[in-house]
Every structure is written in C-alpha cells, then in structure tokens.
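Here is a short tour of one protein model. Look at the sequence and the fold, then read on.

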Amino acid sequence: MKIVILDRATLGPTVKLRAPDFAHQLVSYDATNLDQAPARIADADVVITNKVRLEAQAIAGAKKLKLVAVAATGTDNVDLAECARRNIVVSNIRNYAVNTVPEHTFALIFALRRSIAAYAASVSAGRWQQAGQFCYFDYPIRDLAGSTLGIIGDGVLGRAVADIGRALGMKVLVSAFKGSSGMRSLYTPFEDVLAQSDVITLHCPLNQATRNMIGAPEFARMRRKPLIINTARGGLVDEQALGDALRSGAIGGAGFDVCTVEPPDSTHPLMALTSLPNFLLTPHVAWASEEAMQALADQLVDNIEAFAASTPRNVVTAA
C-alpha cells in the first residue's frame, strides 16, 4: 500500500508519526501546492492531508486511491462528493483538541478582557516611565467573573469552553448556528446570545449554513459590545464587517486564530487590524499544543491501520 503525506510540516517537528503496522511504502512531502497535488497522489492508495486541497480533478486522476486520511477535524478541503462517487473512504481526527483549543480560547479572552497585549506593548514603548506614578489606566480592564459568555456551537469544544467559563464564575449561554430550529430546551436563541453576551466565542464548522453567519446585521445586535473570539474556522465571520465593528466601537475587541486565507497576505482585512490595541491575531495554532499534535498523529495512524484491517473508523465518507 502506498501512503503519501502531502503536508508533513503542518505537524510540528516534535511530533512522532509512527509507521503503520502493515507493509507499505511511505512518501512524505513537507508541503504541496494545489498544482502539485494531482501528480503526487496519482498512484497512491492512501493520501494524508491536513490543509492541502483535494479537488475533484485530482481525486479522479488517482485511480488507486482508497482512503483520504485527513489530519484534522475539518474536511472542507476535500471534495467529499467526488470521494463518495469513487467509493473512497474519508476519515478525520476527532476530540484530540479538547484541552488545547479551549485553553487558547481563554488565553485570547483573558488577554483582551484585561488588555494584556496593549499594556505590554505600551511598557515596551516607555509609557510606564512617562506615567509619573506606580501604574496607569490607558486601556480597559474587566473581570470575567459575573460576565456572560455566549458560545455558538455545542460540540466537545464548545462544552469544554462552557465548563471553563462556569468555573470562572461566568454565566454561560449556548446557541446552535443562526437559523437552526428544534433546539434543545437549554439552548438560547442565536439572536439572544448576540444581544446578551459580554464574550462571544465560535466553535462550529464552516459550511453553507455558517459562512459569514456573523456580519453587519449581527454586530448591530450586540448591545453589550462583546469580545468576539474565533478559534474555529475562517469565514464564520464577515471580516470586513468585523473591521467596521472594531473601529466603530460596536464590539469591545476580537481575538482570531483563523482567517479566510491562510497565511493572509499584507492586504488581508484582518492584517489591517493588527495595530489595534483590542485585536489579537494568532497563526492558526489554537490546536497545536505538543500534547494535542501528538494525540492527532497517533489517531491518524490508528485510522489508517483500522482501514487496512477492514474496520474503518472516524468515517466521513464511506465506500
């Protein structure tokens, strides 16, 4: 069985990727661009991809392909319809980031709620020496205890974030996606979460129902000028509208770990916000604690071994 890894460098250098327990040939590429993908997977039985796009044409040309093992939870980079048509199994990684993503979410929340980055930058610029007293109050500082945390998405990550919020003394509201119906009794309607929350954090997939689910009309509903946190997927928030909301003071701040284009170029809307004291952008690393990356790598090989043993697991598209 020939296994091709298209973007090994997206797993950190400390991660150990064990060899599958069956006879195989392994070909590993640190990175693969869209144009290179068809040739590299042409004779593969198994393809491993984290973020490399596998489009219909590339999949159609891979005549031996039996398994696409996605080294992530999201599978929006794979043409699932073409895989289903070809009876190619697609598997993904699940529940590996239950600590790292919630911790990164709250790192952004704490940094923004207490203006940590803004104060640290001002100290570096000499502001403390200019203050004339032991402290200064250039940026707002707010406690989390007693505030309201709105969570959009009630999967394993949303629930973990809710647990941390409650432990910090926050009131927690949970909503499904905009436009969802048949919500459970403990859910709060999407529009009410927008209106009542001091912090809004997103933990949902990117699909047709969730793309740009927070835009100018939604920002207008945010009466409490909340923080907006996105450690899920670029595209859940209208990035132009986010910039307008930040600059106008409609929201108190934003912390993003994801963009619609990664990496963003210098003209990307989020890059234009990085000089603001109430905006933080991290390079899609919420998932990337050493512990989580190793758990992902181990589960990835587990998925491939299970498929080889005719007991596929974590199946997104079945043969």
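## Helix H10

Helix H10 spans residues 239-248. Its buried residues are Glu239, Ala241, Leu242, Gly243, Ala245 and Leu246. Buried means under 20% relative accessible area (1.4 Å probe, protein chains only). Helices (H or I, at least four residues) and strands (E, at least two) are DSSP runs, numbered from the N terminus. Cover for the buried residues of H10 includes helix H9 (216-220), strand S10 (253-256) and strand S11 (279-281).

At the start of H10, a side-chain oxygen of aspartate 238 comes within 3.1 Å of the backbone nitrogen of glutamine 240. Just after H10, glycine 249 has a positive phi of about 80°.

## Basis of the model

This is a predicted model: local features need pLDDT of at least 70, side-chain atom pairs count only at pLDDT 80 or more, and totals for chains, interfaces and linings use all residues. Residues are numbered from 1 along each chain as its sequence is written, and side-chain values use heavy atoms, leaving out hydrogens and water.

## Isoleucine 151

Isoleucine 151 sits in strand S6 (residues 148-152). Is isoleucine 151 buried or exposed? Isoleucine 151 is buried, with a relative accessible area of 0%.

Not counting residues up to four places away in sequence, isoleucine 151 touches Gly158, Val161, Ala162, Val172, Leu173, Val174, Ser175, Val193, Thr201 and His203. Contact means heavy atoms within 4.5 Å. Valine 174 is 23 residues from isoleucine 151 along the chain, yet their C-alpha atoms are separated by 4.8 Å.

Notes. Buried means under 20% relative accessible area, exposed over 50%, partly exposed in between (1.4 Å probe, protein chains only). A polar contact is a pair of N or O atoms within 3.5 Å; within protein, one must be able to donate a hydrogen and the other to accept it, and residues adjacent in sequence count only if both atoms are side-chain atoms.
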